[in-house]
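Below are my notes on the model, arranged as numbered points for discussion. Please read them with the sequence and the coordinates open.

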Amino acid sequence: MALPERAQVQEILRGMWITFRSMFEKPVTIQYPEVKRRIHTRFRGRHVLNRYENGLEKCIGCSLCAAACPADAIFVESAENTDEERYSPGERYASTYEINMLRCIFCGYCEDACPTQAITLEDNYELSFTSRRDAIYTKERLLVPVPEGGKPTPQKVEPGVFTRAVPEMADPTD
Amino acid sequence: MTREVTLTIDGKQVTVPAGTVIVDAARKAGIDIPVFCYHPKMEPVGMCRMCLVEVGRPMRDRATGEPILEEDGSPKIQFGPKLETACTVPVSEGMVVVGLSEKVQAARKDILEFLLTSHPLDCPICDKGGECPLQDLTMAYGPSESRFIYDEKMHLEKHVPLGDLIYLDRERCIQCARCIRFQDEIAGDAVLEFYHRGRHTDVITNSEPGFDSYWSGNTTDICPVGALTTADFRFGARPWELKNAASICTHCPVGCNLTYNTRREAKSGGNVVIKRAMPRQNEEVNELWICDKGRFAYHFAESEERLTQPLVRKNGELTPVDWDEALTLIASQFRNAGERLLTLVGGRLPNEDLFNLKQLTEGLGGKVALHTYMGGGEYVVRHGLSAGSNLGDLGAGDTVMVIASDLEEEAPLWYLRLKQAAERGAKLIVANPRPTKLERYAGEVVRYTYGQELSIFDDLKAKVAGATNLVIFFGSEGLGLAGSKALAAACADLFVSSGHENTKPNNGLVGVWPAANTQGAWELGFTAGADLGAASLLYIVAADPVSDDTAAAEAIQNADFTVVQDLFLSETAALADVVLPAQAQVEREGTFVSGERRLQRFYPIVTAPGQTRPDFDIAAAIGEKLDIELKGRFPSLVFPQICAQVPAFAGLTYQKLAEVHPQWPLVDRSDRYYGGTSYGNQQGLGVHLQAAEAREIPAAPTAPALPEAEIIAVPVTTLYDHGRMVAASPVLQPRLRKPFIRLHPADAQKLKTTDGMTVGLAVDGGPVAPVLVIEDPAVPQGFALVARSMGVPIHQPATFEIRIAETSMA
């Protein structure tokens with residue numbers, strides 16, 4: 001067996017040096033799930049259905065998200081609000097809202113289509129489920145918690161207050 | 001022959017009849033001229049200004065009248081200084097229409113900007129969103145931005161119930177007046193009108209109850225925005241989510257072509273459900289319209305009370321069993337049945353089912369009969385309408401006679417068609433003991449007393465003399481089975497003796513039957529008036545004789561064995577030994593024959609519940625156990641057998657029923673601004689049955705005499721009765737009238753009742769039912785009108801008793 005050549009020894013030492021050097025560097029490994037990575041501003045994670053400050057749902061059950069969805073992952077059924085049982089401002093609310101997360105491709109078209117910014121893709125990317133049924137996120141699972149000071153839906157409200165489905169906006173020309 | 005005119009629209013040469021407006025001419029040439037207020041079925045008004053185009057006409061020399069030519073020899077065209085509305089300007093020879101110029105585009109853009117000044121941003125929640133002409137045309141021609149100040153938008157009332165069935169959104173209305181004009185011109189119920197002026201213009205209803213019309217649903221089809229929507233479809237689904245399937249309306253003998261919109265729904269347990277019924281264009285039947293019963297009464301099939309599995313009486317109780325057990329039991333009873341077997345069928349069964357039931361029964365040696373309160377089919381089979389008939393062709397020189405029928409209540413589309421025929425110049429003769437709505441358009445009104453129908457025929461003979469074409473509609477107002485049969489015989493006699501032949505189009509008798517396929521049953525050789533009591537084995541299919549006639553209950557109880565096959569556990573079914581669950585019309589396919597003898601095919605729309613089976617298939621299954629070979633599984637296997645055996649059906653195939661040809665106006669869903677949201681017809685226009693060969697005419701029966709009484713109760717028909725096929729629709733509930741007895745004020749006084757009082761009514765010694773007393777001076781004295789299928793068993797003129805003490809004063 002021949003002794004290693006000088007060049008080979010050099011290479012071994014160089015490699016060992018990298019190993020030695022990295023012992024003093026900050027590790028890149030993140031201790032998931034205890035530690036989580038920073039989410040980028042435009043990250044598209046799991047959807048949520050938002051509420052107004054008073055707790056009313058922003059979703060008006062218009063199905064435009066379902067129409068925009070290229071994967072046909074969203075299913076919406078709507079029903080009529082009354083002032084006795086109000087879910088959202090205006091006449092219409094979503095009585096059924098389901099997203100099949102196995103189908104969803106997180107393109108965010110639903111968010112684009114939504115006229116009331118009710119559906120937004122948020123930071124949650126921890127979507128694991130053990131059955132196909134669990135993969136279907138219902139309205140209850142998608143709705144955000146009632147904000148502080150708000151009331152849960154359905155609410156009993158004063159007649160004639162929440163008459164507009166699409167919120168009054170400033171002049172939309174800007 | 002009308003003169004043809006050739007003009008040029010956007011560089012395309014078009015030849016159309018003189019008098020056509022430019023919009024229609026463009027439509028014929030396949031060129032879009034957008035409209036909101038114009039509708040091809042109504043008079044133009046030029047209200048919305050959306051159809052503005054440049055119109056040029058050839059110049060003529062004033063002195064000589066000769067056309068002035070350009071240097072190249074083509075006629076010199078002079079364009080007007082301003083744009084003209086293409087919906088009000090009739091075409092003229094050599095006219096040049098320009099719809100693609102910048103000037104026109106700018107005008108369309110401006111008009112849309114105006115229309116949208118106060119239109120709310122409701123599209124996401126609007127039921128019209130997705131099939132809205134305003135949306136479509138704004139996308140195609142509109143501005144992307146408005147110059148109007150957003151904060152100055154008008155905020156008006158939303159969700160105003162115009163009636164129980166129709167909601168108005170005042171903000172969305174663009175004041176095109178299509179709804180008002182429809183009610184005025186087409187329906188003849190002027191219950192809508194404009195109120196206020198300028199930006200405050202509102203559509204209001206002036207009737208009590210609101211929007212009191214049987215045609216209200218059609219206004220939602222032609223509304224070019226989401227201002228009018230139905231209570232039934234409110235937030236039901238978005239239009240693009242709906243699938244559609246062709247069908248035929250099952251509520252009356254007109255046979256309106258429908259398209260059902262369906263959707264799979266979570267709240268219906270993941271099942272496909274019907275979301276709405278829409279008219280399907282058939283210019284020879286229902287044009288673009290359907291009545292509100294056809295539009296809203298389809299819910300009966302999805303009722304929770306449907307039978308879903310076979311029931312057999314065990315120890316006095318109807319107990320669920322499987323099909324094989326039920327069929328085996330039936331087979332054991334029906335074997336060697338012979339003359340003891342009577343099969344009684346209802347007129348809502350499709351032809352294939354009627355045929356199989358008849359084959360089965362006759363194979364066993366039994367008799368078949370049709371359950372109906374109206375007879376006379378023998379005469380309509382012989383003298384009914386034949387190929388080429390179209391009530392839309394009736395006009396000057398033709399005569400239409402309507403006797404003993406309130407057509408608007410019994411077969412609304414025929415009312416509409418005859419009204420239009422009268423407006424086109426046809427002579428309309430209406431004969432009825434009391435005024436009916438159709439009389440407004442009648443050239444001649446003939447009054448007679450109930451029971452005296454036949455006495456007016458001498459008079460009528462003179463009235464129909466000289467008619468080019470003669471169509472006679474006869475109904476059953478105030479008549480029972482025997483009376484209507486005698487009336488039919490008299491009508492047939494009048495038809496023949498006045499020299500008319502039913503082999504000529506638009507000549508014949510039309511029976512205003514109680515059910516969708518009663519005519520089909522007559523054509524297949526069914527007869528009415530069977531005596532239930534004479535049979536010991538009863539097989540009752542799609543009929544509920546017990547609820548109409550107390551004698552039937554007795555007959556069933558006396559029979560050895562009764563099988564009832566129906567959708568619901570009806571009063572008849574409750575008495576049966578075996579109850580078999582059948583499928584509703586929307587769950588299977590088949591064919592119906594309309595009162596005009598038009599054979600039309602319908603298709604399966606939704607899946608059937610539970611273990612239900614179609615009636616023809618059940619008959620085949622019973623046949624299989626008894627070694628009678630019948631075709632089950634598919635109606636398409638049964639239909640060729642009918643065609644081979646029944647002369648009227650000779651030569652017909654399902655393929656022929658599915659044939660279509662272009663219809664005017666050209667309506668399809670791609671350009672909803674023109675004809676509304678009605679569906680075009682790609683699934684078949686139907687075919688007339690063959691005219692009967694000169695068969696022997698049955699001898700005219702004698703008319704039965706009226707019962708002896710000071711005041712006689714006579715049956716009448718109302719559109720919204722309390723039958724299960726109507727009352728099961730939640731949306732129609734508020735429109736259902738209370739059961740009533742309609743009396744002349746003098747008679748009411750004699751009976752010591754007053755208007756609005758609730759009394760107990762017993763007809764012919766039958767059970768007492770609470771009814772509302774309505775005083776109506778239009779009712780002939782000596783008669784009390786009682787509606788059929790409203791909880792009071794009445795099937796012919798009868799004596800009655802009022803019990804005031806039994807119910808409290810209302």
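1. A residue is called buried here when its relative accessible area is under 20%, exposed when that value is over 50%, and partly exposed in between. The model is a predicted one, and the remarks that follow should be read with that in mind.

2. Strand S30 of chain B, residues 712–716, is mostly covered, five of its five residues being buried. In a regular strand the side chains alternate between the two faces of the sheet. For S30(B) both faces are covered, with B:Ile712, B:Val714 and B:Val716 buried on one side and B:Ala713 and B:Pro715 buried on the other.

3. The domain assignment divides chain B into domain 1 (4–100), domain 2 (123–302), domain 3 (311–372 + 522–649), domain 4 (377–512) and domain 5 (712–809). Taken over C-alpha atoms, the centres of domain 1 and domain 5 of chain B are separated by 58 Å.

4. Within chain B, strand S17 (residues 341–346) and strand S24 (residues 537–541) pair in the parallel sense over five bridges, and B:Leu341 has B:Leu537 as its bridge partner in S24(B). Strand S25 of chain B (residues 561–566) contains B:Val563, which counts as buried because its relative accessibility is 0%. Between B:Val563 and B:Cys256 the C-alpha to C-alpha distance is 32 Å, and the two residues are 307 apart in sequence.

5. Turning to charged pairs, the count over all chains comes to 56 salt bridges. Side chains of opposite charge can pair when their charged atoms come close. One of these contacts joins the side chains of B:Arg170 and B:Glu157, at 2.8 Å from N to O. B:Arg170 lies in the loop between strand S8 (166–168) and helix H4 (178–187) of chain B, and B:Glu157 in the loop between helix H3 (133–141) and strand S7 (160–161) of chain B, so the pair ties together parts that are 13 residues apart in sequence. B:Arg170 counts as buried, at 12% relative accessibility, whereas B:Glu157 is partly exposed, with a relative accessible area of 49%.

6. A salt bridge of 2.5 Å, N to O, joins the side chains of B:Glu284 and B:Arg598. This pair links distant parts of the chain, 314 residues apart: B:Glu284 is in the loop between strand S14 (272–279) and helix H6 (292–296) of chain B, and B:Arg598 is in strand S28 of chain B (residues 598–602). With a relative accessible area of 2%, B:Arg598 is buried.

7. The side chains of B:Lys463 and B:Glu444 also meet in a salt bridge, at 3.3 Å from N to O. Here B:Lys463 belongs to helix H12 (residues 457–464) of chain B and B:Glu444 to strand S21 (residues 444–446) of chain B, so that the pair links distant parts of the chain that are 19 residues apart. B:Lys463 counts as buried at 16% relative accessibility, while B:Glu444, at 26%, is partly exposed. Salt bridges with shared partners also join A:Arg164, B:Asp122, B:Lys158, B:Asp169, B:Glu171 and B:Arg172 into one network.

8. B:Asp24, in helix H1 (residues 22–28) of chain B, is buried, with a relative accessible area of 8%. The C-alpha atoms of B:Asp24 and B:Pro40 are separated by 7.4 Å, and these residues are 16 apart along the chain.

9. Which residues form the nonpolar surface patch of about 610 Å²? They are A:Trp17, A:Ile18, A:Phe20, A:Met23 and A:Phe24, whose accessible area is taken together in that value. A:Trp17 lies in helix H1 (residues 6–22) of chain A and counts as partly exposed, because its relative accessibility is 48%.

How values were computed: Residues are numbered from 1 along each chain as its sequence is written. Chains are lettered from A and ligands numbered from 1 in the order in which they are written. This is a predicted model: local features need pLDDT of at least 70, side-chain atom pairs count only at pLDDT 80 or more; totals for chains, interfaces and linings use all residues. Side-chain values use heavy atoms; hydrogens and water are left out. Patches are made of residues with over 30% relative accessible area and no salt bridge: like charges are joined within 9 Å, nonpolar side chains (Val, Leu, Ile, Met, Phe, Trp, Tyr) within 5 Å. Accessible areas come from the Shrake-Rupley method with a 1.4 Å probe; for residues, only the protein chains shown count as cover. A salt bridge is a side-chain nitrogen of Lys or Arg within 4 Å of a carboxyl oxygen of Asp or Glu. Helices (H or I, at least four residues) and strands (E, at least two) are DSSP runs, numbered from the N terminus. Buried means under 20% relative accessible area, exposed over 50%, partly exposed in between (1.4 Å probe, protein chains only). Domain bounds come from an automatic or database domain assignment. Two strands pair if DSSP finds at least two bridges between them.
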